[in-house]
Amino acid sequence: MQKLLEQEKGQGYKSLRRGDVTEGIVMRMDKDGILVSLGLKSEGLVPAQEMRTLSPQALGRMHVGDRVLATVIRGENEFGEVLLSVDQARSEVGWRLLEKGLESAEAIEVEVTGNNKGGLLVDVEGVQGFIPLSQMGLMIRADDPQAQEKLDSLTGQSMRCKVIELNRRRNRVILSERAALQEKRAQQKELLLAGLKEGDVRHGRVTGVTTFGAFVDIGGAEGLVHISEMSWEQVATADQVVKVGDDVEVYVLKVDAETKKIALSLRRLKPEPWQTVTDRYQVGQIVSGIITKLTTFGAFARIEGSVEGLVHISELSDRPIRHPKEVVKEGDTVPLKVLRIEPERHRLGLSLRQALEAGAEPGLSVSAGAPQSAGGEAATTGEEHG
C-alpha cells in the first residue's frame, strides 16, 4: 500500500478543487459532453452547456486522445468524478497560447472583434489583444479619410499575428500582423529562390513602377524588370509598358542567392526585332524612317522599334555635301530605300537619295509594305511584306 501511495505521489496525483485549472485527455465525446481523464483514479465530465464557446469547427477538430484545458466547477466526489468547464478555462487557454507564441516567436491565429482610432481589437481564445495601425498588414494612416471604413471592414476576420508584447498582470497584449506577414513572405521567398533558375518563365503581378523599371511579384518574391528589359523598343518610362496590378509573363534573367535579388525581363519573351527583320523588309523596299543621330559620315535612322540603319553621307543627296545637317536634322521623318540587310550584324544600309529618285516625296511617311518600283509605285509581287 505504501508503495502504491508513493507511486501516486510520484505521478503528481492531487485532489482537485473548485476553480482549479487542469489539463486532461479526451476519452469520449457524445451529445452529453466530453469525458476527460485527469490522471490516476480521476475523471472529469465537461457537460454540453459548459463548452458553448467551442465553435462547430473547433469541436470537429477535437478527437479522442487530444488534450483539453478545463476549469473545475465541482470538486471530486467519492468516486473521483469531477465536473469541468471548458468555457471558464478559455481565457487560460488564450494566455497559454500567447505565452507560447511569445516564447517561440511563432504566429498565432486571432479574430478581429472591433477597432479604435489606434488600431484593431482582437480576441485570442477569450483574451483581448491589440494590433496598432503601424503593425497591421494593410497600412492605414490615421489621417486617411477612409480609415474608419477600412478598419470596420476587418471586423470578424481572422489574422495570423506575432506576439510582440505580453504582460498578464496588466492584461496587456500587443500583436503584429505585419511581422507575421514579413516572416511568411521571407519563407516563401526562400522556397522560391531554391527552385528558381535562369531561363525560367514565370507568371507574376506588377507591384510597383519606378523611374528605373518595375517590380513584379512572381509568387512569394519580387523581381525587378529594369527599364532596359521592358521592351525591344526604346522606353522612356516603365509606365509606358506596364502599370501596378497588371498580370504579366516574365523571363528570369538572373537569380542571386546571396543578395536574394531576382532580375527579370519582359522583352526576352518576344522575338528580337533583328531576328525577324528579313520577314518584314527586303532590299529595294521604300520605308519611312526617323533620323536619330547625325555623324560626319552619315545619319542614323530608325525604321522600327530598335531597328536602325545608316544612311551614308553619299546616300543623303544627289549633290556633294560636307555634313548630313545640310540635308536632314534629328527628328525628321524621311522616305528611305533599303540597300542592305545584315541581321546577324544588326546593320541596315539605307538611302534617302535613291528613295527620292524612286519618286518618294520628302517628309512622306511610307509604311513598311511592298517594295517600290523604280517609278515609285508598289511592285506587284503577289504577297504582302508586313
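Tutor: What follows is a set of questions and answers on the terms used for this predicted model.

Student: What does the chain consist of, in terms of helices, strands and buried residues?

Tutor: The secondary structure comes to seven helices and 20 strands, and buried residues make up 39% of the 386 residues in the chain. Among contacts between residues at least 6 apart in sequence, 58% join residues at least 24 apart.

Student: How do you know which parts of the chain the predictor is confident about, and where is the mean pLDDT of an element lowest and highest?

Tutor: The pLDDT is the predictor's confidence in each residue on a scale from 0 to 100, and the chain averages 84, with 89% of the residues scoring at least 70. Among the elements, helix H1 (residues 2-10) has the lowest mean, 44, whereas S10 has the highest, 96. Over residues 1-13 the pLDDT is below 50, and beyond near neighbours in sequence this stretch has seven contacts in the model. The pLDDT also stays under 50 over residues 365-386, for which the model has 41 contacts beyond four places in sequence.

Student: Why is Met-62 called buried?

Tutor: The cut-off for buried is under 20% relative accessible area, and Met-62 has 14%, so Met-62 counts as buried. Met-62 is placed in the loop between helix H2 (56-61) and strand S4 (67-74), and, not counting residues up to four places away in sequence, Met-62 touches Val-26, Met-29, Ile-34, Leu-54 and Val-68. Of these contacts, Met-29 is 33 residues from Met-62 in sequence, while the two C-alpha atoms are 9.0 Å apart in space.

Student: Is Trp-274 buried or exposed, and what does Trp-274 touch?

Tutor: Trp-274 has a relative accessible area of 5%, which is under the 20% cut-off, and therefore Trp-274 is buried. Trp-274 is found in the loop between strand S15 (261-265) and helix H6 (277-280). With residues up to four places away in sequence left out, Trp-274 touches Ser-306, Val-307, Glu-308, Glu-342, Pro-343, His-346, Arg-347 and Leu-348. Ser-306 lies 32 residues from Trp-274 in sequence, with 8.3 Å between their C-alpha atoms.

Student: What makes a set of residues a nonpolar core, and which residues have the most contacts inside the largest one?

Tutor: Such a core is a set of buried nonpolar residues joined through side-chain atoms within 4.5 Å, and the largest one here has 21 residues. Those with the most contacts inside this core are Leu-98, Val-110, Leu-120, Ile-131, Met-136, Met-159 and Leu-175. Among the elements that give two or more residues to this core are helix H3 (90-104), strand S6 (108-116) and strand S10 (172-176). Leaving aside neighbours within four places in sequence, the contacts of Val-110 include Val-122, Val-124, Met-159, Cys-161 and Leu-175.

Student: How do you know that the span of H3 is close to the expected one?

Tutor: The expected span is 1.5 Å times one less than the number of residues; H3 has 15 residues, for which 21 Å is expected, and H3 reaches 21 Å from its first C-alpha to its last, so the span is close to the expected one. The buried residues of H3 are Glu-92, Gly-94, Trp-95, Leu-98 and Gly-101. Just after H3, Ala-105 takes a positive phi of about 65°.

Student: Why are strands S17 and S18 said to pair?

Tutor: Pairing requires at least two bridges, and six bridges join strand S17 (residues 298-304) to strand S18 (residues 307-312), so these strands pair, and they run antiparallel. The bridge partner of Gly-298 in S18 is His-312.

Student: Which barrel contains these strands, and how is S19 joined to S16 and S20?

Tutor: A closed barrel of five strands runs S16-S17-S18-S20-S19, with mixed pairing, and the twist averages 50° from one strand to the next. Five bridges join strand S16 (residues 286-295) to strand S19 (residues 333-342), which run antiparallel, and Val-287 stands opposite Leu-336 in S19. Five bridges also join S19 to strand S20 (residues 347-351), again antiparallel, with Val-338 opposite Leu-350 in S20. The hairpin of S19 and S20 has four residues between the strands, and in this hairpin His-346 takes a positive phi near 55°.

Key
Residues are numbered from 1 along each chain as its sequence is written. This is a predicted model: local features need pLDDT of at least 70, side-chain atom pairs count only at pLDDT 80 or more; totals for chains, interfaces and linings use all residues. Side-chain values use heavy atoms; hydrogens and water are left out. Axes are lines fitted to C-alpha atoms, for helices over the stretch in contact, and angles run from 0 to 180 degrees between N-to-C directions. Buried means under 20% relative accessible area, exposed over 50%, partly exposed in between (1.4 Å probe, protein chains only). Contact means heavy atoms within 4.5 Å.
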